[in-house]
Amino acid sequence: MKELSVSPTRSVNRRSLLKGGLLAGGAASIGAGLLGKQAFAQGGSNLSSGDIAILRFVAAAELLESDLWTQYAELGGLSDGTQNTYQQAFEFLDGDGTQYITSNTIDEISHADFLNGYLESRGADPVNLDEFRVLQGSTASGAQNIGRLTNLMHLNVDTSWYIRYRSTTNPDMGATFPQAITITNRTAIPITDADFEGANHIQAIANTAAFHFGSIEQGGTSLYAALGQKVSNAQVLEIMFGIGGDEIAHFLEWVDFAGNSVQPGGANGNSFNFAGGTSPVTDKGLTFPDFTKKGPLFQPNLIFPVPAEFISPNLPRCSTVRPITDKFGGAQAAIAGLTASGLFTGQSKNFFNTLKRMAAEADAAVRMA
């Protein structure tokens, strides 16, 4: 995997300094490689089969996330020299947009490396999906010509998360939510260099990515919360809390990021003027309208979950991660959602069977007293 650039010269502000420190640590972790089998001596594994199944599934999920985020980082993350228009479109949404993309990528790679290293240290088999790195990715300048696990060029982005976290109802208690924007069979990365052309076109690609970022990270947030309830070993629970908490941190940033794509001026607070484009952003039938005029369920600057039903409708409303049940947030639900999104377009039957088997084993885990 290509080493990610982490410290090009750029303007400095409070958030850049914060992210710079985080990136430096992340890069060092990646350079260290997988956690060695001798680094954590336990005298053999005492993990339950359920805990191992959970760890193996989240390791697979992190490998998939690492693959998709690497594709985003190659074309839209930090880089030296002149920015391409995709990077500029992200920075229209947030001045630190390219840094956030690179930071998120480094985090996901570290999660996958740690989980596989931990599995090995406890005498369990790590997860390797390399045989499925067969998909053709972007051929635009900056993208590596390597096999991919995931496909970002034919996405049906689930945007219902945007409404869900602004609602006082909970999917775990039967609530359903509409799509905030209907994004069907769209690319979230430039496919060729031709996609860098056209202000509204490239901004629409970046805006599609912004909503996909939120969709991916809310899924990870729910997954760790759902599977964490099944864990038996205290240290495995620590891992689920630790990595799951980082997924929540990612999600909150992308809620803000997506919100900036559906209000005039993006992060700049001015009328939309990216490379001469117009507001609202419209491209080939896809429109990102002004959500400031659509009511509280669309409020762009609301980034925290609102208090909602939790556990029982008879209890006070509470701000929480939602969903956190197997039916909507578990391993099988995650695979079903990712498959429906088009993220695996072009993958083999064996790929799907492998993920489904791992997901079923993770969901079947039972917490031991």
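**Ground rules.** Residues are numbered from 1 along each chain as its sequence is written, and side-chain values use heavy atoms, without hydrogens or water. As the model is predicted, local features need pLDDT of at least 70 and side-chain atom pairs count only at pLDDT 80 or more, while totals for chains, interfaces and linings use all residues.

**Entry 1: threonine 150.** I found threonine 150 in the loop between β2 (147-148) and β3 (155-157); strands are DSSP runs of E, at least two residues, and helices are runs of H or I, at least four, numbered from the N terminus. Is threonine 150 buried or exposed? Its relative accessible area is 1%, so threonine 150 is buried (under 20%; exposed is over 50%, partly exposed in between, with a 1.4 Å probe and protein chains only). I then looked up its contacts (heavy atoms within 4.5 Å). Beyond neighbours within four places in sequence, threonine 150 touches Leu64, Asp67, Leu68, Gln71, Leu135, Leu343 and Phe344. Its side chain makes a polar contact with the side chain of aspartate 67 at 2.6 Å, and another with that of glutamine 71 at 3.0 Å. (A polar contact is an N or O pair within 3.5 Å; within protein, one atom must be able to donate a hydrogen and the other to accept it, and residues adjacent in sequence count only if both atoms are side-chain atoms.) The C-alpha atoms of threonine 150 and threonine 345 are 7.6 Å apart, though 195 residues separate them along the chain.

**Entry 2: the nonpolar core.** Here I counted buried Ala, Val, Leu, Ile, Met, Phe, Trp, Tyr and Cys residues joined through side-chain atoms within 4.5 Å. The largest such core has 86 residues, and those touching the most other members are Phe57, Tyr72, Tyr86, Tyr162, Phe211, Phe213 and Phe288. α2 gives the most to this core, with 13 residues. Next I checked tyrosine 86: its contacts beyond four places in sequence include Tyr72, Ile189, Pro190, Phe196 and Ile202.

**Entry 3: the largest pocket's lining.** Which helix supplies the largest share of the lining of the largest pocket? α6 does, with nine residues. α2 (49-76), β3, α5 (160-164), α6 (199-228), α8 (326-329) and α9 (331-340) each supply at least two. I sorted the lining into 19 nonpolar, 15 polar and five charged residues (Ala, Val, Leu, Ile, Met, Phe, Trp, Tyr, Cys and Pro are nonpolar, Asp, Glu, Lys and Arg charged, and the others, Gly among them, polar).

**Entry 4: the largest cavity's lining.** Trp161, Tyr165, Arg166, Phe251, Val255, Leu302, Ile303, Phe304 and Pro305 line the largest cavity. A cavity or pocket is found on a 1 Å grid over the protein atoms alone: in a cavity a 1.4 Å probe fits but cannot get out, a pocket is an open set with protein on both sides within 12 Å along at least five of seven lines, and lining residues have an atom within 4 Å of a point.
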